[in-house]
Amino acid sequence: MNSLDLLNAFFPFVGCFFVILNIKKLYEDKEVKGIQWYSPLFFYTGQLVNVYFMFYLNQWASFIGGLLLYIICMVRFCMMIYYNFWKRK
């Protein structure tokens, strides 16, 4: 690990905190307003590409941070789909 890897890893780790806050709020509200499902899916897919890229470059801190962010984002995405399509019925 080098200093650039640690600097790059800082952003996904902090992003995890903010996405967890979104998950908490989504769980409390139990509804999704103003967000289409395909926009987050596009960016989450891009995050998966980033995870693969960091693995390929042996940037381990960035890889772990990116993987954690991807997993947490997919939890949020699944909650969005659930509250948008199944919970409404």
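A: Start with the contacts of Gln-47. Leaving aside residues up to four places away in sequence, Gln-47 touches Gly-66, Leu-69 and Tyr-70. The model is a predicted one. Gln-47 sits in helix α2, which covers residues 38-56. Is Gln-47 buried or exposed? Gln-47 is buried, because its relative accessible area is 15% and the cut-off for buried is under 20%.

Stay in α2 and move on to Phe-55, which also belongs to this helix. Phe-55 counts as partly exposed, because its relative accessibility is 42%. Beyond four places in sequence, Phe-55 touches Trp-60 and Phe-63. Phe-55 and Gly-66 are 11 residues apart along the chain, and 9.8 Å separates their C-alpha atoms.

Next comes the loop between α2 and α3, where Asn-58 is found. Asn-58 is not a glycine, yet its phi is positive, near 60°. With a relative accessible area of 49%, Asn-58 is partly exposed.

The loop between α1 and α2 holds Lys-30. Lys-30 has a relative accessible area of 34%, so it is partly exposed.

Now α1 itself. This helix runs over residues 3-29. At the start of α1, a side-chain oxygen of Asn-2 comes to within 3.1 Å of the backbone nitrogen of Leu-4.

Which residues of α1 are buried? They are Asp-5, Ala-9, Pro-12, Gly-15, Cys-16, Val-19, Ile-23 and Leu-26. The buried residues of α1 pack against α3, residues 60-86.

Nonpolar side chains tend to be buried together in soluble globular proteins. In this model, the largest nonpolar core has 15 residues, and Val-19 and Leu-26 have the most contacts inside it. The elements giving two or more residues to this core are α1 and α3. The most come from α3, which gives nine residues.

Residues up to four places away in sequence aside, Leu-26 touches Glu-31, Val-32, Arg-76, Met-79, Met-80 and Tyr-83.

Last, the cysteines. A disulfide is a covalent bond between the sulfur atoms of two cysteines. The cut-off used is sulfur atoms within 2.5 Å. Take Cys-73, whose closest cysteine sulfur is in Cys-16. The two sulfurs are 7.2 Å apart, so the gap is too far for a bond. Cys-16 is among the buried residues of α1. Cys-73 is buried too, because its relative accessibility is 6%. For Cys-78, the closest cysteine sulfur is in Cys-73. That sulfur is 11 Å away, so here too the distance is too far for a bond. How many disulfides are counted? The count is zero.

Terms used. Residues are numbered from 1 along each chain as its sequence is written. This is a predicted model: local features need pLDDT of at least 70, side-chain atom pairs count only at pLDDT 80 or more; totals for chains, interfaces and linings use all residues. Side-chain values use heavy atoms; hydrogens and water are left out. Helices (H or I, at least four residues) and strands (E, at least two) are DSSP runs, numbered from the N terminus. Buried means under 20% relative accessible area, exposed over 50%, partly exposed in between (1.4 Å probe, protein chains only). Contact means heavy atoms within 4.5 Å. The expected span of a helix is 1.5 Å times one less than its number of residues. A polar contact is a pair of N or O atoms within 3.5 Å; within protein, one must be able to donate a hydrogen and the other to accept it, and residues adjacent in sequence count only if both atoms are side-chain atoms. A nonpolar core is a set of buried Ala, Val, Leu, Ile, Met, Phe, Trp, Tyr and Cys residues joined through side-chain atoms within 4.5 Å.
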